Structures are given as structure tokens and as C-alpha cells.
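I opened a new notebook page for this structure.

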Amino acid sequence: MEQQLKTLQQPEVHQIWQCLHQIADPELPALSITDLGMIRTVTPLQSGWRVTFTPTYSGCPATEFLLNEISNTLTQAGFSPVHIEVNLTPAWTTDWMNADARQRLRESGIAPPQGLVCEKLTDAEPITCPRCDSHETEKISEFGSTACKALYRCQQCLEPFDYFKCI
Ligand SMILES: [Zn+2]
């Protein structure tokens with residue numbers, strides 16, 4: 001019975017993912033919360049839906065805002081009631097950001113996280129300039145416009161840029 005219910009609701013699950021894909025991250029407007037991997041699962045319930053959500057940084061002020069956004073967006077699209085479960089374990093990591101998201105981050109002028117945290121490649125590699133692809137860059141400050149970014153400058157094009165740190 002439950003299996004049958006789930007099969008019937010698969011198209012809706014897909015639509016919910018599409019709705020969630022429209023919600024931009026307030027700190028990284030080029031990316032949506034699904035690009036960042038913040039939505040972990042969408043599950044049909046007997047009545048309504050369960051969405052599991054992992055914030056990029058626990059204690060990030062954007063979390064409260066996003067929970068409201070998710071709830072409002074899905075309710076307006078006709079999916080309710082929505083139960084949002086905040087999952088802090090495992091903690092969010094930049095490894096969950098997909099290749100497309102990394103590319104769009106670069107296009108918006110922010111160097112995406114290089115390498116994967118789980119492979120521990122991060123410190124050895126020079127950070128690539130998002131504007132001219134030069135590897136000749138230097139770190140100016142551990143903290144950029146937000147705590148998750150470091151400020152770099154490119155020695156080729158001389159432009160400063162934010163680097164989204166691997167976490
Ligand atoms: Zn450059």
C-alpha cells in the first residue's frame with residue numbers, strides 16, 4: 001500500500017524538486033539551495049510531504065529565512081502540509097556542490113571550492129582566478145565578504161576575488 005502510494009506520487013516529488021530549485025541561496029544568489037545540496041530528500045507522507053534540509057553553515061542567519069521560503073514556495077505550488085526536517089548530521093560540505101553549481105559560481109566571479117574535502121586535496125592546489133583562470137593568486141584575507149569565503153587577489157589580472165572555502 002505504501003509502495004503504491006509512493007509510486008503514484010513520484011511525479012509530484014519531481015515537481016517539488018523543481019520548485020525547490022527556484023529558491024536562491026541568499027548569500028550566493030547565483031546558486032539555488034538544490035545546487036548547493038542543501039535539500040537532502042523529498043518524501044511523500046500519508047498526508048503531505050517531508051523535506052529534509054541541511055543548512056550550509058549551522059547558525060547561519062540564512063537558515064531561518066530558507067525554512068520559510070521552502071514552506072511558502074511549496075504551499076503556494078499546492079504541496080501542503082510540508083514538514084521540514086533540519087538535518088545537521090552529517091554536516092553540510094562543499095563536496096555536495098555539483099559541477100554545474102561550481103561553474104555558475106565561477107561565472108558569478110567567485111572561485112568555487114577546489115578539490116573535495118573527502119580527498120583532502122584542498123591546500124596543495126593553487127586557487128584559480130575565476131576571471132582569467134590564472135593560478136598565480138595570493139590570499140589577502142582569510143575572510144571575504146562572508147565567513148565562508150576567503151579574499152584573494154589575482155597577480156595576472158590584479159582583480160581581487162572571493163574564494164569559497166572547502167568545508
Ligand atoms: Zn585573474
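Before reading the site, I noted what counts as a donor: an N, O or S atom within 2.8 Å of the metal, with water not among the atoms. I also noted that this is a predicted model.

**Entry: the zinc ion.** I looked up the protein donors of the zinc ion and found Cys 129 (SG), Cys 132 (SG), Cys 154 (SG) and Cys 157 (SG), lying 2.3 Å from it. Along the chain, these donors follow the spacing C-x2-C-x21-C-x2-C. Cys 132 and Cys 154 link distant parts of the chain, 22 residues apart. I placed Cys 132 in the loop between β6 (110-111) and β7 (137-141), and Cys 154 in strand β8 (residues 149-154). The angles among the four donor atoms run from 103 to 120 degrees, and the site is tetrahedral.

Entry: Is Cys 154 buried or exposed? I read a relative accessible area of 0%, so Cys 154 is buried, the limit being under 20%. Cys 132 has 34% relative accessibility and counts as partly exposed.

**Entry: a sheet.** I then turned to an open sheet of three strands, in the order β3-β4-β5, with mixed pairing. β3 (39-44) and β5 (82-86) each have a single partner strand, so one side of each lacks a neighbour in the sheet. On average, neighbouring strands here are turned by 15 degrees against each other, direction ignored. I checked β3 against β4 (residues 49-53): they pair in the antiparallel sense over five bridges. Ile 39 has Phe 53 in β4 as its bridge partner.

**Entry: a helix on the sheet.** Helix α2 (residues 10-21) lies across β3 and β4. I noted its direction as about 145 degrees to β3.

Key: Residues numbered from 1 in each chain as written. Predicted model: local features only at pLDDT ≥ 70, side-chain atom pairs only at ≥ 80, totals over all residues. Heavy atoms only, no water. Pairing = 2+ DSSP bridges. Helix = DSSP H or I, 4+ residues; strand = E, 2+ residues; numbered from the N terminus. Axes fitted to C-alpha atoms, helices over the stretch in contact; angles between N-to-C directions. Contact = heavy atoms within 4.5 Å. Donors = N, O, S within 2.8 Å, 3.2 Å for Na, K, Ca; no water. Tetrahedral: all angles 85-135°; square planar, octahedral: opposite > 155°, others 65-115°. Buried < 20%, exposed > 50% of the residue type's maximum accessible area, 1.4 Å probe, protein only.
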